[in-house]
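I opened my notebook to log a few look-ups.

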Number of protein chains: 2
Amino acid sequence: MRIGELARSTGVSVATVKYYAREGLLPSGERTSPNQVSYSDAHAHRLRLIRAMLEVGGLSIAAVREVLAEVDSPDRTVHGMLGVAQSAVTRAVAEPNPEGDWAGAERAVEELVRRQGWVVKPENPGWKALVQIVVTYSDLGRGDLLSLLDEYAAVAGRLAGAELAALARVPSVDGKVEGVVLGTLLGDAAMSALRRIAQEDASGRVSAPVEDQAL
Amino acid sequence: MRIGELARSTGVSVATVKYYAREGLLPSGERTSPNQVSYSDAHAHRLRLIRAMLEVGGLSIAAVREVLAEVDSPDRTVHGMLGVAQSAVTRAVAEPNPEGDWAGAERAVEELVRRQGWVVKPENPGWKALVQIVVTYSDLGRGDLLSLLDEYAAVAGRLAGAELAALARVPSVDGKVEGVVLGTLLGDAAMSALRRIAQEDASGRVSAPVEDQAL
């Protein structure tokens, strides 16, 4: 198909298609005559994947380029793909508050991971983020919220298992690789959206003013 | 305490303390003499809460101001607080792709919500985000990933229940209100971090290259 049809069928403007191509996110089309370049369904699919990462996953162009380089690599593995997708999606941890109990938080995360029986490296991008959250809870004197982390952890483990099982049912290698990217990026967005809905339902069942309610 | 001690004890610079005060996030201290303003433990706590929302929750100054206005409102309710915290934390949905099957996605979300027995308004910020995710999955021909949404939903419901139970154990009203804010903002961040760790554990158990593995 020509670039106009490619743009129409994916809901992306022609200018944006050219921009993604210049930025190296989209492979060139096939030149079929001096004035004409032809694009395939693979280009359309790639464009939709780019849109998903940018608009739903909230990644930057630079992060999308990094993820796609790994998607296209001949040496890609599920584990390697996951590392790249995870780094791309995880917000950098802010400058640590020097007053916080970082050593204590580190120990708390180690113990949480051990209780779940998880085998992970401390360089996991989630690990640092979790230590910062524990420091923040402690700073605010909200040790009570720490008890929720085991509940979150159990649920995260259950989801990771379901995600890997879904991945196992995907026949093609390209499909598996894309599944890791979408599972990481869109999975986070989906979980966050569903938490919004579940929280409204739960809190709607207790609707009196804070001051009056037993809650 | 003086502003220097307030800054030191919260790990925030004096300039930043003054900036938050100018932006209306932090109430003024008490003027105890023409050249001296005194701050209390409540100011220190408010500063830590602001840091948590900005640095861990990733909110903008404007969003923090909006959440704090509701926190300080005499008419606050758990349900109202939740709405404000949810709107602050939910990323705006991108310009819809006109080629996508939005009506179909809307129906899929309605059915998902009905299967969970949830009572929520379609204006819930998570609802729109979820519709966009469903459209994206369909665009990419990944109907297989839709089946994961029921699993995510069940888990989100379980977490909302655990969060409300934790809230019920908080004795003070201020503590409850702060708990809603932290549960929404930091809860999302904690869930995302724990997913990173659980996913690494799950995928580490299958470490062969994608091309070779049964996965």
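My entries follow, and they concern a predicted model.

**Entry 1: the contact between the chains**

I began with the interface. I found 106 residues from chain B and 106 residues from chain A in the contact. Chain B and chain A bury about 9200 Å² between them. Of that area, 65% is on carbon and sulfur atoms.

I then counted polar contacts. Between chain B and chain A there are 28 residue pairs in polar contact, both residues at pLDDT 80 or more. I next asked which helices of chain B supply at least two residues each to the side that touches chain A. I listed helix H1 (3-10), helix H3 (41-56), helix H5 (78-89), helix H6 (102-116), helix H7 (125-139), helix H8 (143-168) and helix H9 (173-204) of chain B. H9(B) gives the largest share of that side, 28 residues. I also sorted the side of chain B that touches chain A by class: 53 residues are nonpolar, 28 polar and 25 charged.

**Entry 2: salt bridges**

I noted the background first. Side chains of opposite charge can pair when their charged atoms come close. How many salt bridges does the rule find over all chains? The count comes to 20. Across the interface of chain B and chain A, the rule finds 10 salt bridges. I looked up one pair by name: A:Glu151 and B:Arg158 meet through their side chains, at 2.9 Å from N to O.

I also picked a pair inside chain A. A:Asp72 forms a salt bridge with A:Arg46, and their closest N and O atoms are 2.6 Å apart. What does this pair tie together? A:Asp72 sits in the loop between helix H4 (61-71) and helix H5 (78-89) of chain A, and A:Arg46 sits in helix H3 of chain A, so the pair ties together parts that are 26 residues apart in sequence.

**Entry 3: the second largest pocket**

I turned to the second largest pocket. It holds about 370 Å³ of space. I counted 18 lining residues, and A:His45, A:Arg46, A:Leu49, A:Asp174 and A:Glu178 are the closest to the pocket's centre. Helix H3 (41-56) and helix H9 (173-204) of chain A are the elements that give two or more residues to the lining. H3(A) gives the most, with five residues. By class, I logged seven nonpolar, four polar and seven charged residues in this lining.

**Entry 4: A:Ala88**

Last, I checked one residue. A:Ala88 lies in helix H5 of chain A. Which residues is A:Ala88 in contact with, leaving aside its neighbours within four places in sequence? I found A:Leu59, A:Ala63 and A:Val67. I also looked up A:Leu185, 97 residues from A:Ala88 along the chain. The C-alpha atoms of A:Ala88 and A:Leu185 are separated by 8.9 Å.

How values were computed: Residues numbered from 1 in each chain as written. Chains lettered and ligands numbered in written order. Predicted model: local features only at pLDDT ≥ 70, side-chain atom pairs only at ≥ 80, totals over all residues. Heavy atoms only, no water. 1 Å grid on protein atoms, 1.4 Å probe; cavity = no way out; pocket = protein on both sides within 12 Å on 5 of 7 lines; lining within 4 Å. Points joined across faces, edges and corners; volume = space filled by probe spheres on them. Helix = DSSP H or I, 4+ residues; strand = E, 2+ residues; numbered from the N terminus. Nonpolar A, V, L, I, M, F, W, Y, C, P; charged D, E, K, R; others polar. Contact = heavy atoms within 4.5 Å. Buried area = accessible area lost by both parts, 1.4 Å probe. Salt bridge = Lys/Arg side-chain N within 4 Å of Asp/Glu carboxyl O. Polar contact = N/O pair within 3.5 Å; in protein donor to acceptor, adjacent residues only side chain to side chain.
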